[in-house]
Amino acid sequence: MNRHIRKVAVLGSGVMGSRIACHFANIGCEVVMLDIVPRELNEVEKKKGISEDSKTFRNRIVNDALQFALKSNPSPIYRKSFASRIETGNFDDDMSKIADCDWIIEVVIERLDIKQQVFENVEKFRKPGTLITTNTSGIPIHMMLEGRSDDFKAHFCGSHFFNPPRYLQLLEIIPTPSTSPEVVDFLMDYGQRFLGKKTVLCKDTPAFIANRVGVYSIMSLFHAVNEMGLTVDEVDKLTGPVMGRPKSATFRTCDVVGLDTLVHVANGLKANCPDDEEKHLFELPDYISKMVENNWLGSKTKQGFYKKIKDEDGKSQILSLDLNTLEYTPKERVSFPTLEMTKPIDDLKQRTKMLLMGMDKAGEFYRKIFGGLFAYVSNRLPEITDDLYKIDDALKAGFGWELGPFETWDILGLDQGLKLIADNNKEVAAWVSEMKDAGITSFYQVEKGTKRYYDVASKSYQTIPGTEDLVMLDALRDENKVWGNSDTTLVDLGDGILNLEFHTKMNTIGGGVIEGINKAIDMAEKDYRGLVISNNGQNFSAGANVGMIFMMAIEQDFDELNFAVKAFQDTTMRIRYSNIPVVIAPHNMALGGGCEISMHADKVVAHAELYMGLVEFGVGLIPGGGGTKEFAKRLSEELHSGDIKINRLRERFLTIGQAQVSTSAYEAFDLGYLREGIDEVVVSREHQLTRAKEAAVMMAEAGYVAPKREKDITVVGQEGLGIVYVGAHSMLSGKYISEHDSLISQKLGFVLCGGDLSENTVVSEQYLLDLERKKFLELCAEKKTLERLESMVKKGKILRN
């Protein structure tokens, strides 16, 4: 069936419903979101004389929910205007609107009887063939089908989004025995390609996959805390980024999610998993029971494992809970020899090995946690899934783990994992022992650029479904590396396209990255057809290395600094004017220099989650790698005359002057970092590199010709400078900015306007680059700039130029 999703109905507008509606609006769908009619008028409505027949009253719940979602931070919407794609209504008056929807998603309260009532109502209006899914996180999917038609049953399954839907990648698809295979295949593909999700096919078992293993992991840790005498601060230090988990680690995550939510899932697992060998761990420790009794549920009740207070001086202070006394105490500084030993190791795989070698309490903790986890996940096959990769995918996409349990086990080695299990008096599943006896020692392998997993049923390696046509760096890197230095690796993607990836700390840009970009272009021009610049780091690039700039500036080595800045400018221009197409695929942070190199690509294939900006103003500088020049050039292309010209100059000036960073790729278009009609957005991170390679191939096959160097850029000169100088003086007089900020503003404006020219003048791109570099170096000589740079370096923020 050639199925298309143009219009979606979301039934229920709570925290999940409203944000699911926003995410469908993000990808261009029309959305109808419905909820119940309020029971009675509230006091505000009574004072305004609003009647119970009015839409204002009848749609109050759904409208309030939508507005609350749109005002929340982080935002559930890519661009504010996308909210216009959402139409609201109520179940009593507007259920007929679902008749022309292609997908109906139920997101009402977690009560089976209420869900069944909603579905009975849906049957009256739903057209045959329409997808109908439930977002339940705990109710067995098959139990909702009582009394439903055969067509309803065939097109029904679970579609479990994780909160917040825009940001957490996991979408669990849970079919029933009646669900059509076509429906399952469609949702698995649609969720991945269009919603940008990691779609994981689950069995209809309690808590499905991610919450089953994730909540086990948290509950196991709750009990380990008691046994090992660890504190809240110690556990969050041990279970955060150091082991490839989110910054919120364990207890802070519980506070954000809500302890009541976690306890609800744990109680459900205890009641519904009588054969789970670790069911005793779903019993609540005494301190958890007491916290629930005290209503210390986390952020929603203003206190949980952490509590924010004002001290005697009125300053905010975070206290952490003593799990023995249940009293709040000042956060403690945590230090373990094992953590100190792993500080210099950026590579998570190598760091993980080191963590388990520690001979202190931290090392003991990691051995205990991983030993239990390895045993637990091995025993979940085939109960919750037949395929081990689905457990890894679910934990990574739903809980933010950088490495799944089986991936981690592979890093340590099969025998080491089995030893950890035995040392913790746990039992591994029989299939793992059988795998070892057959001489197979890893859960994954890479073969000809494809990642394959060990399939328990066939006792052989199989390609992960849905990845057959994807270009994956991790699977190509070892076999297809053609060049590299300490900061970059150049990989052959096939079809004549190379990929350059950075692997510095935060993917910052220094001499090694500059060398890598130039070498990649050299090789591509000689023997290949195109170049993609992308990487698998958490961020595309956090900018140039501030430490390097600071050292040269503090030593007053301006000849060397001029050489370094010019090398960066020459490199961005090389990207622009090379003889092969250069496609850049940024994701997450693309700041400072990371933004500048992107702005010089032939095409940007941006991930929707893109936080892009020229942020140099914050450290007392202006963009010096071609960013300021590029804004002046784009301003020339946009300019017409009169007020429009000056207004656009003001907008572009403020974008840099306020160090504005996009909150999505779509907002990067609004800020002028991305170009309409040239650059594009993909929602799926997994498909981003594949699409970037396709774009490079298409340009090459279309007979790519390098653009001509720009020599006819119109700058506004004194006409614009007057606006800039008056504005800076006004802000300084009003004490909104410092004298140093005023100076930076004037130098930024000087470059954007092309200098002190008496009239609109045509200049070259090189003229603007020289002007940009000159003003950048002048700012580097300023004492206040050096102070800001030094402050950044001391804080360890060697990431933004």
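**Figure 1. Contacts and overall build of the predicted chain.** Of the contacts (heavy atoms within 4.5 Å) between residues at least 6 apart in sequence, 70% join residues at least 24 apart. The chain holds 33 helices and 25 strands. Helices (H or I, at least four residues) and strands (E, at least two) are DSSP runs, numbered from the N terminus. The radius of gyration is 28 Å, close to the 28 Å of the globule rule for 801 residues, so the chain is as compact as a globular protein of that length. That radius is taken over C-alpha atoms, and the rule is 2.2 Å times the number of residues to the power 0.38. Along the principal axes, the C-alpha atoms fill a box of roughly 80 × 70 × 65 Å. Buried residues make up 57% of the 801. Buried means under 20% relative accessible area, exposed over 50%, partly exposed in between (1.4 Å probe, protein chains only).

Residues are numbered from 1 along each chain as its sequence is written, and side-chain values use heavy atoms, without hydrogens and water. The model is predicted: local features need pLDDT of at least 70, side-chain atom pairs count only at pLDDT 80 or more, and totals for chains, interfaces and linings use all residues.

**Figure 2. E772, a buried residue with no salt bridge.** E772 sits in helix α32, residues 765–780. The nearest side chain of opposite charge is K629, 7.0 Å away. Lys and Arg count as positive, Asp and Glu as negative; His and the chain ends are not counted. A salt bridge needs a side-chain nitrogen of Lys or Arg within 4 Å of a carboxyl oxygen of Asp or Glu. Beyond its neighbours within four places in sequence, E772 touches several residues, including Q569, I622, P623, K629 and V751. Its contacts also include G624, G625, G626 and G627.

**Figure 3. Cis peptide bonds at P74 and P382.** The bond from N73 to P74 is cis, with omega near 5°. P74 belongs to the loop between α4 (60–71) and β3 (86–90). The bond from L381 to P382 is cis, with omega near 5°. P382 falls in the loop between α16 (361–378) and α17 (388–399).

**Figure 4. Positive phi at F208 and K302.** F208, a residue other than glycine, has phi near 60°. Its loop runs between β8 (198–201) and α9 (210–228). At 1% relative accessibility, F208 is buried. K302, also not a glycine, has phi near 75°. K302 lies in the loop between α13 (286–293) and β9 (306–310). At 69% relative accessibility, K302 is exposed.
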